[in-house]
Amino acid sequence: IRCWSNIPFITMPLSRAHGKSFAHRSELKHAKRIVVKLGSAVVTRGDECGLALGRLASIVEQVSMLQNQGREMMIVTSGAVAFGKQRLRHEILLSQSVRQALHSGQSQLKDMAIPVLEARACAAAGQSGLMALYEAMFTQYSICAAQILVTNLDFHDEQKRRNLNGTLHELLRMNIVPIINTNDAVVPPPEPNSDLQGVNVISVKDNDSLAARLAVEMKTDLLIVLSDVEGLFDSPPGSDDAKLIDIFYPGDQQSVTFGTKSRVGMGGMEAKVKAALWALQGGTSVVIANGTHPKISGHVITDIVEGKKVGTFFSEVKPAGPTVEQQAEMARAGGRTLAALQPEQRAEIIYRLADLLTDQREEILLANKKDLEEAENKGRLALPLLKRLSLSTSKLNSLAIGLRQIAASSQDSVGRVIRRTRIAKDLDLEQVTVPIGVLLVIFESRPDCLPQVSALAIASGNGLLLKGGKEAAHSNQILHHLTQEALSLNGVRDAVQLVNTREEVEDLCRLDKLIDLIIPRGSSQLVRNIQKAAKGIPVMGHSEGICHVYVDTDASVEKVTRIIRDSKCEYPAACNALETLLIHRDLLRTPLFDQIIDMLRVEQVKIHAGPKFASYLTFSPSEVKSLRTEYGDLECCIEVVDSVQEAVEHIHKYGSSHTDVIITENEKTAEFFLQHVDSACVFWNASTRFSDGYRFGLGAEVGISTSRIHARGPVGIEGLLTTKWLLRGNNHVVSDFSEHGSMKYLHESLPLPQRNAN
């Protein structure tokens, strides 16, 4: 027992054993009992007089949602003083206006002064109204709320503490949300230095310390502290170099500079941190976040509980490696160094990586075997994904060949002059290729993607963040190790980073200050999720690979079955595999049609009939559920069209702008198809499977893009470059080119420098 202000109280709760807080954000979804602390700046309006009703309603909605999920929610709220101030000001203005109207006339109403209102009186006037407002809001969600007013003395008396604890437990048992506040109508003024003294003693001075005290008393899993700042920063918020601290660890106080306290309320950020650390030591996880930002306040509480990167998370477990933010900064610095190397030095790194893939094949295949065994034992991967996960000697050899192609073609990629213009005498302009910056590549079940993408990033001078699926963890680890070994040849080891922390993909997509381009490699669902989550960062890729093959009336019998078999059966899990086969109506009930069906049956391809095809058959295969289906397996849809024009229309309506093929011997029909189909890749008498960076001679690809800007189709080195403009002058100013100036624009095109023949 310790004493403070001559009042004895116990430093830790009687019944509270030292619990263990959550180590990672992803575990917060398991929080059962949660305290939400609403700071004065969150609850009150900007004029500090009255409540922010819209914001408060949103908070009540989120708390109700979590309560109805079976969690036990408690709210520590401010706002009584502000609500009371609004009511008292109204009463004073009303009484003054009547008095002055009687004695002084209307002319002096505008000169009325409102006296300074005493905080305790405001609290007394505002408590009942604040609680009535909470009750009305929670009633909309069929939830009952109860008010509890406490003071510091209630925690110093053992019997009162037991009573408070029992009351709160009984309310939670009855599914009632306790609304707790300091009784500001009777609370004594804070004494000097009566805030937190070390981590073992806490004095209830403000709602921050009250929330921490309650959280530990009630063995709460999570304390959410909402204020008017995003969280903790490594320097005062608003300064140029201020960076939000994602995770704060005990002992990090020295690295934080505290700014001024919020515009209203008793506690500043320093008080919040001390309260948070005390709660953390008591076994309660803590997140400090912004509850006033209009873009996030509507879901800030639920986002925190879902484990999203919001605010600052307090954790006692410090990861061994760098944070993902630090990795992104390392990748940017490494990428800039990489871009400054000579082309021969970048090529040397890629050649070395190609050699390592074959030299270390046994270690790579052993790691891959572990991944395959774990995936099979857990049964979490479908057969197509297992095929993508698998590596083999032939795959590694093909990878090495592709990497050597990249190295050979990368000699003249970065810094290539693509346009030269003489603006005026002695004023020359150049447009040159430069890296995009930092790439984030997210891939599933594709360990072979790692060296491919790494080589392309190295060749183009880009920094690279890699986020692989956990199903390929062992394979990715060794392949990344070999990549860094190759990068060490020229001192740029940090340019390629593998994210091993427990980062959610959605959180990575929010790093718009650190990442310049996101490239997803995986299922259509993954790509759609990333496109939805990436706000402020461009996403290159395709969400689906619904590829078509159209068999025209003039198709060659010899070519049809070969091309269809290769397009569908060579690797059905690939994004460039055939999914819908379009057949001209005149080919039905012909020997060619019978050959197509027989071949698909022999290859054990399950056929789904399109609506028109089904109408021609007495006994048809199962009718397709959707013509926009990517099967990714030995399945395909067959549909009938009346002409090449209808085939083009079908592709535009149901396709994904990936790869589409026509089989015909009629050159005019073929050219019509090639010119009118609006897809990234359009082929004549060739398999859809040729849609690939390696087969295009790009060495490899980071993916296939169906976007209509920057890069389209298989994306190699060229797709990872952008440009910048270099202007070389000699004391030139724009005013010299005015109507009466001494200089004239020439805008002459200049010859480009000779490219490297190699």
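Author: Happy to! Let's start with confidence, since this is a predicted model. Among the elements of the protein, strand E17 (residues 547–551) has the highest mean pLDDT, 98, while strand E1 (residues 2–4) has the lowest, 31. For the protein as a whole, the average pLDDT is 86, and 88% of the residues score at least 70. Two stretches call for care. Over residues 1–18 pLDDT stays under 50, and the model has 48 contacts beyond four places in sequence for them. Residues 190–202 also stay under 50, with 32 such contacts in the model. Where pLDDT is low, the predicted coordinates should not be read in detail.

Asp 660 is buried, yet it has no salt bridge. The nearest side chain of opposite charge belongs to Arg 712, 8.4 Å away; a salt bridge would need a nitrogen within 4 Å of a carboxyl oxygen. What is Asp 660 in contact with, leaving aside its neighbours within four places in sequence? The partners are Ile 546, Cys 547, His 548, Ile 651, Phe 673, Val 677, Ser 679, Cys 681, Val 682 and Phe 683.

Where they meet, H11 contributes residues including Ala 347, Ile 350, Tyr 351 and Leu 353, and H14 contributes residues including Leu 396, Asn 397, Leu 399 and Arg 404.

Notes: Residues are numbered from 1 along each chain as its sequence is written. This is a predicted model: local features need pLDDT of at least 70, side-chain atom pairs count only at pLDDT 80 or more; totals for chains, interfaces and linings use all residues. Side-chain values use heavy atoms; hydrogens and water are left out. pLDDT is the predictor's confidence in each residue, from 0 to 100. Helices (H or I, at least four residues) and strands (E, at least two) are DSSP runs, numbered from the N terminus. Contact means heavy atoms within 4.5 Å. Buried means under 20% relative accessible area, exposed over 50%, partly exposed in between (1.4 Å probe, protein chains only). Lys and Arg count as positive and Asp and Glu as negative; His and the chain ends are not counted.
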